[in-house]
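User: I have a structure open and want to talk it through. Can you take my questions as they come?

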Amino acid sequence: MKALSLPMPAEALPRRVRFTALLRLGKLLFGTPLNGLLTVLFGAMLVVTVPPMLRWLIIDAVLFDPDPDACREAVGACWSFVYAKSGQLLFGIYPLAERWRPAIVCLVILALLGWSVRPASWTARLLALWIATLAFIVWLMGGGFGLAEVPTASWGGLPVTLILTVVAIGIAFPVGILLALARRSTMPAVRIGAVVLIESVRGLPLLSILFVASIMMPLFLPEALLPDKFVRALVALTIFAAAYLAEVIRGGLQAISKGQYEAAAALGLPFWPMQYLIILPQAIRVVIPALANTVIVMIKNTSLVLVVGLFDLISSGKAALADPEWPSPAAETFLFIGAIFFALSFSFARFADFLERRGPVSH
Amino acid sequence: MKCNSLKMLAGAVVTLAGLSSGVDDAAAQAVVNKIKERGYVSCGASQGVPGLSRPDEKGYYRGFDSDICRTFAVALLGDKDKIRYVPLTAGQRFPALQTGEIDILSRTSTITYSRDAVVRFVWINLYDTDGLLVRKADKITEPRLLDGKTVCLQGGGSLTEKAIEETEEEFGIAMKKVYYDSTIQARDAFFGGRCDSYVTDGTAAAGQRASVAKNPADYDIIKVGHAAEPNGVAVARGDDQLFDVVRWTMNALFWAEANGITSQNIDEKLASSSAEVKRVLGEEAGFGKPLGLDDKWAYNVIKQMGNYAEIWDRNLGKDSPLKVERGLNALWSDGGLNYPFPWE
């Protein structure tokens, strides 16, 4: 944009500017033989791939036609399937007459998440608000007190993904902090306990933890003591997330110089206020990128609950695809589900980015 | 229905489960009472298999396996919708029965020696065979013509693989096999034009022809191999009463078909038929007593759900998009393997 500030006669400006800009663009794309070659190659690749992709995605696609045969004849994508099955994709096997309930749950969770990212709302009230909201969500999804009862086996789709993500990470974060502190503790029993827990959870694949929670546990616990299948999967996810978050936070704790601890101790701060006021705010800010990484992985890990028979977004998609009346447009369905996961993960990545930019690390 | 990767794990779990299942016997004794008390049957379902059990847009389970389960709800509670389906993966289905999470399992489970030692299979509700999908345009009408043709299939020693080997041996032909990790990949490769044919379970082949093919009429299904996979309905061990209810409800479905009794004509048949029909359909007091059911239970089952043929046609057969042949699942009088036990 520097070219704009060159002194030149007023009437010649527009043409000269266009020319200079073109020249600069040309130089950028074809400046050296290698650049020229790369430009030609990438240009050719775009020409070859983009038009067919657009044709498949939009031009030849079936958008809203409710007739399954329209999709059989079309060469493009079958978005009408996603449109016709949207209720099933979003809410799984939740009874049709009650679908307004998971819809409200999704809106409430998303709205509260949106509210929670504002620094202005980070008060103790927010925690109380979340706890009250979760109680409301459980009531709305499960029923009772005037609403028809819906067992967790019938929950499905987006609310399941959102509840699993929010609750698992919401509980795992404070647990992770405690585990990280415990692992750095000078008390041997506390330290060894934390090490054993973290290392054994990290040493197991999430899939096998979910299997144990959903298939093995019912075999050795009596029915009365056995939590619901949904709760078991939730606990498995939470423990898994906590172990990973603990290690990330421990990384942050190790980055804090010894002087900070000594200064806090010199001020006469006991252990917990020191951690809360001095150490953790700095430690956590240092590891925001790694925390965001773990959280985003956990958002996507929730889809693994499909192996234990819970209808998350992906299971709901698969169930919808099993309808023999329709051709099964798997690519379109998974693009739709992928878009939801991307929206969730990307929003969180932006939030983490915002947290990082909020201020300099204050040592 | 066949080897997917979870099954190995499932096998391990089932074996372990066998060791601990003795504990549940006393508790399981009263399942029928438990069902009547809570007012619904809890039935194991899949997460979505075309024609067998899948939740539709409204969350209502449709399919052959699901409808078979509804017949038990009718027999026990008099209403086909007094039922709750619990979606289960292949690995969960037997532990779910053992722990009482579900009362009845009707979810494409092949009856095997080791499984029958863990749960109690009651009756075969479906014989599955292996089917080979081919394009009509290729004019492959019998296995003999597959010589030198390519076949897409799931590798790793699955039963379908064995069916192909048997076919090659039987007809003295050699096929070019293209292996894939999963049956879904093999399916997509076939419909994408990679192979001349594609082999999988017979009902799955029909389901995929109906749902995946652009024009289902362009494809044929050829039966290959000699394995018949008996898919059964199962209950937990140690509960004779529920076992009897399931067995005789299945029997009523076959019996009604053999006697030409359908959900449509049941009232006429009842008025005009033999003493046996009148008895089974509940005209005789005390007919339901041995099972602890209402005397009209068989009448209710046929009236609400139809006989075996109606359930088949609606979900897998001619009235469905799948158009699966009855084959082994026909009555013995029509060349199949099914027949009712006597009601004496």
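User: How do strand 6 and strand 9 of chain B pair, and over how many bridges?
Analyst: Strand 6 (residues 120-135) and strand 9 (residues 197-201) of chain B run antiparallel, with 5 bridges. Strands here are DSSP runs of E, at least two residues; helices are runs of H or I, at least four, and both are numbered from the N terminus. Two strands pair if DSSP finds at least two bridges between them.

User: Which residue is the bridge partner of B:Asp130?
Analyst: B:Asp201, in strand 9 of chain B.

User: What should I know about the model itself?
Analyst: This is a predicted model: local features need pLDDT of at least 70, side-chain atom pairs count only at pLDDT 80 or more, and totals for chains, interfaces and linings use all residues. Residues are numbered from 1 along each chain as written, chains are lettered from A and ligands numbered from 1 in the order written, and side-chain values use heavy atoms, without hydrogens and water.

User: Back to the sheet. What is the strand order in chain B?
Analyst: The order is 4-1-5-10-6-9-7-8, in an open sheet of 8 strands with mixed pairing. Strand 4 and strand 8 (176-180) of chain B are the edges, each pairing on one side only.

User: Now the interface. How many residues does each chain bring to the contact?
Analyst: Chain B brings 39 residues and chain A brings 36. Contact means heavy atoms within 4.5 Å.

User: What area do the two chains bury?
Analyst: About 2,900 Å² between them, 58% of it on carbon and sulfur atoms. That is accessible area (1.4 Å probe) lost on putting the two parts together, summed over both. B:Gln47, B:Glu57 and B:Lys214 supply 20% of the area that chain B buries against chain A, more than any other three residues.

User: How many salt bridges cross the interface of chain B and chain A?
Analyst: The rule finds 3. It asks for a side-chain nitrogen of Lys or Arg within 4 Å of a carboxyl oxygen of Asp or Glu. One of them joins B:Glu101 to A:Lys229 at 3.4 Å, N to O.

User: And how many over all chains?
Analyst: The count is 28. Among them is A:Glu247 with A:Arg183, at 2.8 Å, N to O. That pair links distant parts of the chain: A:Glu247 sits in helix 11 (residues 229-255) and A:Arg183 in helix 8 (residues 158-183) of chain A, 64 residues apart.
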